Protein chains: 2
Amino acid sequence: MEAVCGAARAGLLRTPHGAVETPTFMPVGTKGAVKGLSPRDLAEIGAGIVLGNTYHLYLRPGAEVVREAGGLHEFTGWSGPMLTDSGGYQVFSLARIRRLSEEGVRFTSVYDGSVHAFTPELAVRVQEALGADVAMVLDECPPAEADRAYHVSSLRRTARWAARCKKAHSRPDQALFGIVQGGLYPDLREESLRRTLELDFDGYAVGGLSVGEPRERMLEILSLLTPRLPEDRPRYFMGIGDPVGILEVIALGVDMFDCVLPTRLARHGTALTSEGRLNLKNARYRRDFGPLDPGCPCEACAGFSRAYLAHLLRENELLGHRLVSLHNVRFVTELCRSARREILAGTYAAWMRGWISRYTAARSG
Amino acid sequence: MEAVCGAARAGLLRTPHGAVETPTFMPVGTKGAVKGLSPRDLAEIGAGIVLGNTYHLYLRPGAEVVREAGGLHEFTGWSGPMLTDSGGYQVFSLARIRRLSEEGVRFTSVYDGSVHAFTPELAVRVQEALGADVAMVLDECPPAEADRAYHVSSLRRTARWAARCKKAHSRPDQALFGIVQGGLYPDLREESLRRTLELDFDGYAVGGLSVGEPRERMLEILSLLTPRLPEDRPRYFMGIGDPVGILEVIALGVDMFDCVLPTRLARHGTALTSEGRLNLKNARYRRDFGPLDPGCPCEACAGFSRAYLAHLLRENELLGHRLVSLHNVRFVTELCRSARREILAGTYAAWMRGWISRYTAARSG
């Protein structure tokens, strides 16, 4: 850890493919590509670590193809640090039919309805074949409507799966992170935390939050956990990508996070800017010939006007999706860099309050 | 003209936005963007002159918006030479309802069914607002089933429209090209040629070919026309983009051509390579970890494998569309550069025969 400011941390995540300054946002390369962006684009905007989805890559093109290619780095052309999730989240959110047992989970492919089974051991084996720098244990992210009894049995099974993942994991050049579940029950979160910590992982993730609960509840649960996580291990909050949320979880001591939000918003026509969120399909931008975000040096802002980007997005042109995705990913990446500077300067909390109040005040469409 | 080799020509098209070495392929920026490619991409692959579609830009975002932006160069960020078509081809091929009269043509927008009317004067006014370096006269490209009588009256009306376009045209910094029509009737082509030449345009296009007729018929008609076009004016063959066709029209003395083929093929998964056309969705490429086109230095070939590109295309990933589009446009651009070198060296005909025989022999899928 280089510096702590309140609970916020500035650190360095060392991997076989380079070190990543934290806090860091991980753009999501769902199917082996961050939608619309090339590795060169990602390098230019200063992305630190990219996430790959094991569920999708296992089904298409298949882990064997990626392994034969020399691993996910070689296959995708991204030579920087990379993390793969375990596939669990997609199995539980995308699959239409599934059977969950102590052994693992059976599910149908979202692509062709074919039936597959994931076990903790297979999730590790697949991730070892993909060869990212960081792998995740297979966990269950329980459905939103699950009751307390379900959460109890789920978190305990997830803990047993985590132990099996740890046992199955054999690549010394790949870190393995555990995942804390437990829903919105403070005592269950504590139990899950304790069981996960006992297994001594290289890093710890918090899962099952930012899934629809009020933001205050999310932060409350998170704030119970981060003080009890070991200081010397990276902390990964799964699935947050809106600028305000990013700053709030950083404030509580999170080092890494991921979300498809910046690229998904872009494809739907929304840009994240220093003037707040802009819906570029709004009629007001048809004749706005100024830059997307004044002061931003990215390809979208330096080379084009809001009017042009708005035209491309309205016409569903690939170039519009790419340019605004590029800008949005850069925006959150740069936000993390600013957060890091403020943590190092010891001024994070005040800076964050000011930033959020400017950003939300300007959020006008 | 710098050099002539047989009928093939190596020249220089001078425009207010720079000179273009010919023969040159014009990538099509249908709606103000070559699908998936940025101006930086186009500059990197050495594209010389980009085409914009007046029909689309007139309807979306509207010529006034483009004019207010400072013209199509300023709006799209492409600072090199640019040509706009007149909109005629799309009016006659895309519009569902239309009424054609001496005055002009009424049509319904492909976007929203709204009714519009193009006249020669409006086609010129719109193109002057767009501000490309080269504008085209409004012409009719008669339907494939049109008989001789239709072609006679159509080419004469097109000639009268051409005269009105010439009269209406007022931008001294914009060239205006005439268009020869006349279907597959040699005598009608000759009549159209004579009427168009009388008007003394800055350049001459051949339209209404490469629309489904046998390639031999197309070349036969073209070969009647090119010897009678003035040597000191650029010649533009409208709508050809396959490598063999490009070389064949160059051989007959054409300087410029355009087509959506390279980018459209890319989006459908087909790459143009020195080994012929490759359908990357073919199962054989799933585990082909070699480069798309060995020896090609473009971003797609230098950074990725066939297996990865094939995966992206199968998954309909934006990045796959962009990378293969980039490669295909570079491939035809580079082919034109090679053709130019061979013309300058006086070895075009033999080189072309060898190239075509290698390309077609290799075309294996």
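Student: Helix α13 (residues 306-314) of chain A: how many of its nine residues are buried?

Tutor: Eight of the nine, so to speak, in this predicted model. The helix is mostly covered. The buried ones are R306(A), A307(A), Y308(A), L309(A), A310(A), H311(A), L312(A) and L313(A).

Student: What do the buried residues of α13(A) pack against?

Tutor: In chain A, they pack against α11 (261-267), β16 (276-279), α12 (299-303) and α14 (318-345). Chain B joins in with α4 (72-76).

Student: Which residue just after α13(A) takes a positive phi?

Tutor: N316(A), with a phi of about 60 degrees.

Student: OK, new topic. Which residues does UniProt list for "binding site"?

Tutor: The unreviewed entry lists D85(A), S86(A), G87(A), G88(A), Y89(A), D139(A), Q181(A) and G208(A). From this set, D85(A), S86(A), Y89(A), D139(A), Q181(A) and G208(A) are in the lining of the second largest pocket.

Student: Is Q181(A) buried or exposed?

Tutor: Buried, because its relative accessibility is 2%, and the cut-off is under 20%. Q181(A) sits in the loop between β11 (175-180) and α8 (186-198) of chain A.

Student: What does the side chain of Q181(A) reach at 3.5 Å?

Tutor: The backbone oxygen of E140(A). Further along the chain, Q181(A) also contacts residues including D139(A), T158(A), S192(A) and G208(A).

Student: And where is G208(A)?

Tutor: In the loop between β12 (203-206) and α9 (215-225) of chain A. G208(A) counts as buried because its relative accessibility is 17%. Beyond its sequence neighbours, G208(A) touches C141(A), Q181(A) and R189(A).

Technical notes
Residues are numbered from 1 along each chain as its sequence is written. Chains are lettered from A and ligands numbered from 1 in the order in which they are written. This is a predicted model: local features need pLDDT of at least 70, side-chain atom pairs count only at pLDDT 80 or more; totals for chains, interfaces and linings use all residues. Side-chain values use heavy atoms; hydrogens and water are left out. UniProt positions are given in the numbering used here, feature names are shortened, and annotations may be inferred rather than shown by experiment. On a 1 Å grid over the protein atoms alone, a cavity is a set of points where a 1.4 Å probe fits but cannot get out, and a pocket is an open set with protein on both sides within 12 Å along at least five of seven lines; lining residues have an atom within 4 Å of a point. Helices (H or I, at least four residues) and strands (E, at least two) are DSSP runs, numbered from the N terminus. Buried means under 20% relative accessible area, exposed over 50%, partly exposed in between (1.4 Å probe, protein chains only). Contact means heavy atoms within 4.5 Å. A polar contact is a pair of N or O atoms within 3.5 Å; within protein, one must be able to donate a hydrogen and the other to accept it, and residues adjacent in sequence count only if both atoms are side-chain atoms. Lists of a residue's contacts leave out its neighbours within four places in sequence.
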